[in-house]
Each structure stands twice: as structure tokens, then as C-alpha cells.
Amino acid sequence: MDASQLRKGVLDLAVLAVISRADGYGYDIVRRLREAGFDDVGDASVYGTLRRLFAGGALTSYVKPSGEGPHRKYYAVNDTGRDLLEESGKTWRAFVEAVDALLAREDAA
Amino acid sequence: MSDTVTVRDEVGAYADAVLRELADLPEAERADLVDDLEQHLAEVAAEGEGSLAAQLGAPETYAAELRASAGLSAFAAPHHSWRAQLRASAEQAGVRLRSLPGAAAVLDFLPELRPAWWLVRGPLLVLLVVVIQGLGLGVSLLVPMAAAAAASVALGRRGVRGHLRAAVTVANVIAGWFGLWLLLMLLGGGLGSAAAAEGYAPMPVPVTSPFLTHPEGEPITNLYVYDANGRQLEDVYVYDGGGRPVEVGPIDAAVIPELETDYERAADGTPLTNRYPLDQYLRSFDEADGSVVRRPRPAPEVTIPGADDGSDDRVAPSPAPRASVAPTPATSGVR
């Protein structure tokens with residue numbers, strides 16, 4: 001099974017989860033996702049996802065001046081984002097349980 | 001310091017290429033995307049190794065991925081001019097080309113050749129005008145050509161903007177194509193006609209052999225055609241595989257000095273040069289009375305395989321009664 005397709009499917013959830021732990025700017029979020037195991041996620045995919053979540057009202061953004069560069073756009077999860085994360089988290093866990101149950105029956109058989 | 005400049009240029013070029021792919025989006029949306037994009041590219045360039053294209057893929061790919069994950073529709077072409085597409089594909093080809101070993105060095109060297117092009121394009125345009133107007137080539141052309149070279153170099157050094165820039169591009173393209181054509185003509189020696197117009201005679205091409213020769217180079221002076229029965233055919237027109245008349249051509253006097261050819265002529269007087277055998281005569285000097293005697297050149301003596309010595313017995317085209325007669329003696333043929 002192609003794991004990258006699976007990861008792509010839950011990228012929204014992963015991005016929300018990463019930001020909910022700590023605010024971050026685009027590339028920082030890419031890095032944290034990679035560290036968490038999303039190693040083959042495309043940079044542009046993360047930026048696009050951020051863009052969509054922001055446009056959908058799940059994220060807020062603010063500009064923070066950085067030491068060397070001009071500024072960085074940070075993203076934070078707002079209430080809508082937190083609700084979405086909770087919803088998506090439930091859906092994900094239910095999905096995982098269902099797949100696990102199926103796999104357990106396969107093993108027993 | 002120059003490193004910083006290069007990095008910034010690369011980021012700018014990559015960002016421009018991505019934005020071109022997003023040209024159909026509303027301005028506000030694009031502005032938001034750019035904000036993140038340049039920041040991102042600068043970060044990747046500062047941290048990773050290799051070019052941005054090597055790390056992130058081609059700008060077009062990046063843009064497509066961005067669109068897909070941002071939930072934007074795939075690129076809608078209307079705002080995308082063919083020029084932008086051309087430029088994008090050229091850039092992509094350039095990125096691919098650069099990845100070839102040694103290609104980067106050659107590509108980086110190309111801009112250094114620009115002054116040479118500035119020097120050449122002016123005179124090329126002058127030459128083009130001369131050729132179009134059908135004027136002659138001559139030393140007097142050197143003055144306008146030198147002036148054109150100087151003007152073109154000055155233009156190249158100063159650089160142009162706006163409408164003039166489009167005009168220069170057009171002139172560059174015209175000069176380029178004309179230069180290429182000129183080069184091919186020179187290589188092909190086809191400039192002879194232009195030189196002839198000026199009064200230089202084109203170099204005469206020495207005709208060293210008749211049109212038709214035997215493999216060893218001996219000229220073929222006439223053709224005699226026989227049918228399967230060994231009968232010599234008269235007034236036969238001969239053509240090659242391309243449908244062109246086959247001619248023996250002018251017979252060099254050095255080959256057979258006494259040979260004379262009288263061509264049959266069409267109603268309008270044009271010689272029928274591929275109608276064989278040609279009427280040929282051999283001149284000889286009659287020592288008795290000091291006159292020149294012309295006698296027909298005799299047909300060669302040949303043996304047609306399977307034919308009966310060319311004797312008249314076999315000539316009859318209709319099923320001759322003699323076919324039913326007892327076979328001729330074995331000595332007369334193999335049929």
C-alpha cells in the first residue's frame with residue numbers, strides 16, 4: 001500500500017495537530033511534519049494546505065519579525081480550527097479502529 | 001556577498017515562474033500566496049543543498065501541487081499567454097539542460113557572447129537590405145556596415161525598454177534568421193549568383209567528362225537498342241528512373257575528333273537529345289581529291305543473348321508460320 005497516499009489524505013489533520021501544539025510559520029511546519037514521520041510530504045502541499053485551512057477560517061495568521069530575515073508569517077489554530085481538529089480526530093480514530101478490527105479478524109482467520 | 005545576490009536571484013526567478021502558473025488567480029489570493037512563497041524559497045535556499053529546482057522540483061510542479069492542496073482548480077489557461085507558456089517551457093528545458101554534466105558552464109558562457117552578436121547583427125541587417133533591394137555587393141558597403149555595427153553595439157550596451165524593446169527583439173530575430181541563411185548559403189557556395197550580379201563571373205565548372213560514361217570513365221557516345229530477337233530499334237526515347245531524358249551529352253572533340261552528331265528535331269526545332277540511336281557521322285579526309293567525306297557511323301556489331309545473330313529471319317513480329325516448321329539447326333541459336 002502506498003503510504004504517501006494515506007499521508008496525503010490526513011495532511012489537514014496532521015497540519016492542524018502540529019500547529020495546535022505550537023504556532024509556526026510555513027517551513028517550520030514542514031520541518032515538524034517531516035520529523036513526525038511525514039518525510040515525503042511535498043513543501044508545496046503543506047503550503048497549499050495551510051492556505052486552504054486559513055481561507056476556510058480554521059487558522060489565523062500573524063507576522064513576526066525574525067532575527068535575520070524580514071518577517072515570518074505564523075499560523076495559529078483558532079476556535080474553528082480546534083473544533084475541526086477535534087471532529088477530524090474523532091473521524092480518524094473511528095477509521096483506524098475499523099481498519100484494526102478488520103485486520104484482527106484477518107489474523108484470526 | 002555575490003552568493004547572497006545569486007541566491008536572491010534564484011529565489012526571485014523561481015517565485016516568478018511559480019506565480020506565472022498562478023496568473024489566473026485573483027490578485028488578493030496571489031498576494032497571500034506570494035508572501036509565503038518567497039519566505040519559503042529563501043528558507044529552502046538557505047538551508048538545503050543544490051538548486052531550488054533540484055530540491056523542490058520544477059516551478060510548474062510546485063505550482064500544481066500548491067493548487068491541488070490549496071483546493072484551487074487546476075490552472076485555467078485564459079490569462080496564460082502563449083508567450084508565458086513558451087517562456088515557462090523554455091525555462092523548464094533550461095533547468096533540465098543544466099542538470100547535464102558541463103551544460104551549466106556552456107550556458108553561463110552564452111551571455112558573454114552577446115557583445116559579439118551586437119557587433120554582427122547591424123551589418124547583417126544592412127546586408128539584408130542590400131539583398132532584398134538587389135543591390136550589388138562591394139567595398140562601398142563597408143561604410144554603412146561599420147556604422148550599423150557601431151549603432152547596434154551602442155544599443156546593446158545601453159539597453160532599451162518599452163516598445164523599442166519589442167522592435168529590437170524583432171530585428172534580432174530577423175538578423176538571426178538572415179545570418180543563418182547567409183551562413184548556409186556561404187557553406188553551400190550558393191553566393192555565386194550574388195557575386196555574379198556584381199560583375200564577378202562565377203567560377204567556370206570544367207566539364208571533364210560526357211554525361212554518360214562507362215565505369216572506367218570512357219565516354220558513352222551513342223546508344224543502340226535491340227529487342228529480344230536481336231532486332232535493332234530505331235527512334236527510341238530513353239528516360240532514367242526519375243523520368244529525366246538520358247543524354248550522352250556533348251562529345252568531347254578530344255574523344256573522337258571525327259565524330260559529328262545530327263540530332264533529330266521536334267516540330268518547334270528543339271533537338272531530341274534522348275532519341276536513340278543518334279544520327280552520327282564520321283568525317284574523313286579524302287586524300288585523293290582533298291575533300292572532306294562524311295559517312296554514317298555504322299552500328300556496332302553485337303550479339304544479343306538468345307537472339308539469332310540479328311538476322312532478319314527472326315524479325316517478323318507476328319506469329320510467323322515458320323514457328324511451326326521444323327526447328328532450325330542447333331548451331332543457329334539456343335532458343
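Select E4 and strand E6 (residues 279-286) in chain B: the two pair in the antiparallel sense over 4 bridges. Strands here are DSSP runs of E, at least two residues long, and helices are runs of H or I, at least four long, both numbered from the N terminus. Two strands count as paired if DSSP finds at least two bridges between them. This is a predicted model, in which local features need pLDDT of at least 70 and side-chain atom pairs count only at pLDDT 80 or more, while totals for chains, interfaces and linings use all residues. Residues are numbered from 1 along each chain as its sequence is written, chains are lettered from A in the order in which they are written, and side-chain values use heavy atoms, with hydrogens and water left out.

**Stop 1: the sheet in chain B**

Click on Glu260(B). Which residue in E6(B) stands opposite? Look for Tyr281(B).

E6(B) and E7(B) run antiparallel, joined by 6 bridges. Here Ser284(B) stands opposite Val293(B) of E7(B). Follow the chain between these strands. E6(B) and E7(B) make a hairpin with 4 residues between them. In the turn, Gly290(B) has a positive phi of about 75°.

Show the 3 strands together. They form an open sheet in the order E4-E6-E7, with antiparallel pairing. Strand E4 (259-262) and strand E7 (291-296) of chain B are at the edges; each has a single partner strand, so one side of each lacks a neighbour in the sheet. From one strand to the next, the twist averages 35° (axes are lines fitted to C-alpha atoms; angles run from 0 to 180 degrees between N-to-C directions). Strands of a sheet pair through backbone hydrogen bonds, either parallel or antiparallel.

**Stop 2: where the chains meet**

Color chains A and B separately. The contact (heavy atoms within 4.5 Å) takes 17 residues from chain A and 17 residues from chain B. About 1700 Å² is buried between them, and carbon and sulfur atoms give 48% of this. Buried area is the accessible area (1.4 Å probe) lost when two parts are put together, summed over both.

How many salt bridges link chain A and chain B? The count is 4 (a side-chain nitrogen of Lys or Arg within 4 Å of a carboxyl oxygen of Asp or Glu). Select Glu47(B) and Arg31(A) to see a salt bridge of 3.3 Å, N to O.

Finish on chain A. The largest share, 8 residues, comes from H4(A).
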